[in-house]
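Q: Please guide me through the reading of this structure, one feature at a time.

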Amino acid sequence: MVSYMYMMLMADEMRCSKQSFQRQFTAASAFACAHLQQRRVCTRFLSLLICVVFCIGAGMSLPARADGKVLRVLAWPGYADADVVKTFEERYHARVEVTLVDSDEALWAQMHAKDEPGFDVLAANTAEIRRYTQAGLLAPLDLGSLPNTKNQLPRFQARSSIEGLTSDGNVYAIPFTYSSMGLIYDRRQIAVAPHSMRELWNPQYRGKVLDFNSAQHNFSFTALALGYPHPFQLDDAQIRAIAHKLVDLRRNLLTYYTLPEEATAFFIQHKVALMFGNYGTQQVELLRRAGADVGYVIPDEGVLAWLDCWSMTRAATDQPLALAWINYMLDPQVNALLTQRQGLANTLTAPVDSSGSGHIVWIGPVENIQRREDLWARIVSGDRSERF
């Protein structure tokens, strides 16, 4: 049915000017209501057609479609909230299309999807940035178009000291946010904070453990738990040992998760005791807001940590607009929202409590991505340990 709310929604979608649309809306509503009284049915097409006809009749254009200013963003949850996107659209008179991913594997798949129009900017961790740069998928950044980088903390302005940001003298990524990937635990079930990732395998937590569905991070954090000194460069024997260990972990699992909101729902509804926190402090914030009494700990053997960055792709059709987005993401107000809403650290201000960081291992490129992913697919599908 053609309702008042629906007509207003269509007005917003077609970006008609408010004053002109109000004049046309009165006539459209009268027409629609009379038609409904006679026919009692109406389709979405009719509503869309009415708005298009009136917009054209009033001599109005459809700016985002007519001038081609569309920015396609590939990012993680919480990096491009609706109000943040809306402000950018209004400031730069463009439309932003955001696609969210829930794993590094999904990010890579999106960038290689043949039926997609391509993305202009993406957010990825430093290890993935290096992979994308080597694959020729990213374009070098013009720092002169990114004045907000001058407001970043000194450690993030020293880009050559952070592996993955530069290549052949060019900068391909700008740090945006970061977090460790520690253990999240329910204080009501676990009175004393666990000291090792090996607690995930403790039989007393059978059916009360959550794990993130990712080949790369699972092999790496298990390598740390087993005491392997190079978690990103594993030999054949270590890979097999870890595969067996990850099969064993299934006994304790409630399930695997992908998105932080999904993990929060599982944690509360099923009274989870322990979780590998892939999203780190972002998940802790979500859980506490949902009423969970959780603790967060960095294991004694060390913890993986990610540094997510913004990059521009070689497929970017409007490079000035893509650079404007990256610079906008470093606006102090936008960065502050990231911390306030998501509980994540930003690159402009030091964390309020930076003590107790423990041994942090920044994630890096792994020895064989495809092999890890193939083994992981077998692990999550239920393949038996003796087959590895």
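Predicted model: local features only at pLDDT ≥ 70, side-chain atom pairs only at ≥ 80, totals over all residues.

Q: What percentage of the residues in the chain is buried?

A: Buried means under 20% relative accessible area, exposed over 50%, and partly exposed in between (1.4 Å probe, protein chains only). Of the 388 residues in the chain, 50% are buried.

Q: Which residues have the most contacts inside the largest nonpolar core?

A: A nonpolar core is a set of buried Ala, Val, Leu, Ile, Met, Phe, Trp, Tyr and Cys residues joined through side-chain atoms within 4.5 Å. The largest one has 107 residues, and those with the most contacts inside it include Leu 71, Trp 310 and Trp 325. Helix α13 (residues 319-329) gives the most to this core, 8 residues; helices (H or I, at least four residues) and strands (E, at least two) are DSSP runs numbered from the N terminus.

Q: Why does this core lie between domain 1 and domain 2?

A: Domain bounds come from an automatic or database domain assignment. Domain 1 (70-177 + 306-352) and domain 2 (180-304 + 365-387) both contribute residues to the core, so it lies between them.

Q: What is the strand order of the open sheet of 5 strands?

A: Two strands pair if DSSP finds at least two bridges between them. The order is β10-β9-β11-β8-β12, with mixed pairing. Because β10 (253-257) and β12 (294-297) each have a single partner strand, they stand at the edges, and one side of each is left without a neighbour in the sheet.

Q: Which strands does helix α9 touch?

A: Contact means heavy atoms within 4.5 Å. Axes are lines fitted to C-alpha atoms, for helices over the stretch in contact, and angles run from 0 to 180 degrees between N-to-C directions. Helix α9 (residues 215-225) packs on the sheet and touches β9 and β11, its direction making about 120° with that of β9. Strands β9 (residues 209-212) and β11 (residues 274-276) run parallel, joined by 2 bridges.

Key. Residues numbered from 1 in each chain as written. Heavy atoms only, no water.
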